[in-house]
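Welcome, and thank you for taking a look at this protein with me. Please have the sequence and the 3D view ready, and we will go through them together.

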Amino acid sequence: MNEVVPPHRCTGCGACSIACPVSAITMETTPDGFLHSHINQDVCINCKRCLKVCPVLNPPEKRKQEAVYAAQSPNAAVLQHSASGGAFFELATAFLAEGGSVYGATMKLENSQADISHLAVTDPQDLPCLQGSKYAQGRAYPVFKEIRGKLRQGERILFSGLPCQVAGLYGYLGKKFETLTTVDIFCHGNTSLDQLNCYLTYLKDKYHSDIDEYIFRDKERGTGYKPKVTLKSGKVIRQTTFQEAYWYLFQNSKFYRESCHSCPYASPKRISDISIGDFWGIEQVRPELLSAKDGRLNERYGISAVLANTKKGKALIQATQLVLEDSTIDEVASHGAAIREPQAAPEDRAQVLEMFREGNFAQAKAYAKRQLGLYYYLDLLSDTQLVKLAKRVLGT
Ligand SMILES: Cc1cc2nc3c(=O)[nH]c(=O)nc-3n(C[C@H](O)[C@H](O)[C@H](O)COP(=O)(O)OP(=O)(O)OC[C@H]3O[C@@H](n4cnc5c(N)ncnc54)[C@H](O)[C@@H]3O)c2cc1C
Ligand code: SF4
Ligand code: SF4
Ligand code: SF4
């Protein structure tokens, strides 16, 4: 066998590498840092197991929703540490109340370099290490074998991750397990760890200090995309959304992995029991649900969209402490591009990839600044007292 699928179709889920009976498949990285499978011809025995587990070749079943909700954790501390409305934390807490393990992505920083991987939590006290979005692709497949072992023992598992990671797990397991519940995250693209680390190296050099913690969405200043950087020196830097331009480049799909631009999971029909994301545009489609209009959801701290794609998923959602309001998939999709269709690759994708490949984040930032124009400077001012006052007066 030469390859399972060509690198541009591979999502990097790693299922084939774990499933290969003779360990002929390794997960390697492209020059941009994107994970893909590689077969060692000298070791391969041509058994074709990799072709059976690959979700690109065997797409998992997609389902319509049983129910759709706008949701929010009632707990302020949970909201502070979650990217949107704390749906993940509340689902995981309700799941663990009946025992079992919750698997999700965690991010560690060492020498200012990030590593993102999946790990298991069995004690609700440990859930904070899985909270919050990490906007780069980590490795989930190293836990697939452990998960299969637990499921075979009849243990309960909640697996939460990107849709392509859930698809990889399904492919590896090869059959349904009643004790497995899956949660996927709305996702319209992801970058590589190398690219994230290129940016973190730039920050380290800029501030002459190693980075102790990087939070992509700091809730202390409300919902949105405002990163917080804590340096080893103890200094805390609160960035505006576009200050360092990583967000601008990410949100505009400038350096995603190639498979993201034809992702089959960026769709209203879903492969997991539950799907969660941001409920963008809720102030336009359901303003009456918001606290500003005497509703039960506080718009300042992020509101989740929660899709119950199976009866099992719906039962877990209803067992949580989440404040739930009925909604529809059309309402969620009206401003949620990630569940409508994949994002087309922008014309300058290759150019931006090259900047990261050369380790030149300063160049990528300068490029983004030029594209943002005046908006870059308005964003820098967005946290100043004057602009906050103007916004209050204008009611925006
Ligand atoms: C790469 C990426 C792209 C996204 N794109 C969109 C989008 O376009 N539109 C949208 O509405 N929402 C998007 N989201 C989802 C959104 O950012 C929140 O993660 C989601 O709403 C859950 O928020 P929460 O408050 O419920 O829980 P949180 O506590 O914020 O989320 C924690 C959960 O996210 C998972 N997670 C975090 N980072 C990763 C990662 N790198 N890999 C795998 N799993 C991870 C954890 O396993 C955990 O289950 C994206 C998330 C990621 C990681
Ligand atoms: S054909 Fe079999 S041995 Fe060869 S890479 Fe695929 S799984 Fe491994
Ligand atoms: S199983 Fe996953 S890692 Fe392997 S080829 Fe298919 S998509 Fe790529
Ligand atoms: S867009 Fe699709 S392929 Fe890309 S990271 Fe998200 S789920 Fe995976």
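Let us begin with a pair of helices. Helix H12 (residues 349–357) and helix H13 (residues 361–372) have axes that come within 7 Å and cross at roughly 145°. Where they meet, Val-352, Met-355 and Phe-356 in H12 face Gln-363, Ala-364 and Tyr-367 in H13. By type, the residues of this contact divide into five nonpolar, one polar and no charged. Keep in mind as you look that this is a predicted model.

Now step back to the overall layout. The domain assignment of the protein gives domain 1 (1–58) and domain 2 (61–368). Their C-alpha centres lie 25 Å apart. The two domains touch: 21 residues of domain 1 are in contact with 23 residues of domain 2. On the domain 1 side, H1 gives the most, with four residues. That side of domain 1 is made up of eleven nonpolar, eight polar and two charged residues.

Next, turn to the sheets. Strands of a sheet pair through backbone hydrogen bonds, either parallel or antiparallel. One open sheet here has eight strands in the order E5-E4-E6-E7-E11-E12-E3-E13, and its pairing is mixed. At the edges you will find strand E5 (113–121) and strand E13 (323–326), each of which pairs on one side only. From one strand to the next, the twist averages 25°. For a detailed view, pick out strand E3 (residues 67–72) and E12, which pair in the antiparallel sense over five bridges. Within this pair, Tyr-69 stands opposite Val-306 in E12. A helix also packs on the sheet: H5 touches E4, E6 and E7, and its direction makes about 155° with that of E6.

There is another open sheet to find, formed by three strands in the order E8-E9-E10 with antiparallel pairing. Its edge strands are strand E8 (211–215) and strand E10 (236–238), each pairing on one side only. Neighbouring strands in this sheet are turned by 15° against each other on average, direction ignored. E8 and strand E9 (residues 228–231) run antiparallel and are joined by four bridges. Along them, Glu-213 stands opposite Thr-230 in E9. Helix H7 (residues 193–207) packs on this sheet, where H7 touches E8 and E9, and the direction of H7 makes about 125° with that of E8.

Just after H6, Gly-174 takes a positive phi of about 75°.

For a contrast, move to the loop between helix H9 (282–285) and strand E12 (304–308), where Pro-287 lies. Is Pro-287 buried or exposed? Pro-287 counts as exposed because 12 other C-beta atoms lie within 10 Å, and a residue with 12 or fewer is exposed. Pro-287 and Glu-299 are twelve residues apart in sequence and 9.8 Å apart in space, C-alpha to C-alpha.

Finally, let us visit the ligands. Around ligand 1 there are 33 residues, and the closest are Ser-82, Ala-83, Gly-104, Ser-160 and Gly-277. The elements that give two or more residues to this shell are helix H4 (87–96), strand E4 (101–110), strand E6 (157–161) and strand E11 (274–278). The shell around ligand 1 divides into 15 nonpolar, 16 polar and two charged residues.

Ligand 3 has 14 residues around it, of which Val-4, Cys-10, Cys-13, Cys-16 and Cys-54 come nearest. Its shell holds nine nonpolar, five polar and no charged residues. Around ligand 4 there are 13 residues, with Cys-164, Cys-187, Asn-190, Cys-260 and Cys-263 coming nearest. Here the residues divide into eight nonpolar, five polar and no charged.

Technical notes: Residues numbered from 1 in each chain as written. Chains lettered and ligands numbered in written order. Predicted model: local features only at pLDDT ≥ 70, side-chain atom pairs only at ≥ 80, totals over all residues. Near = placed C-beta within 6 Å. Nonpolar A, V, L, I, M, F, W, Y, C, P; charged D, E, K, R; others polar. Pairing = 2+ DSSP bridges. Axes fitted to C-alpha atoms, helices over the stretch in contact; angles between N-to-C directions. Contact = placed C-beta atoms within 7 Å. Buried ≥ 20, exposed ≤ 12 C-beta atoms within 10 Å, placed from the backbone. Domains from an automatic or database assignment.
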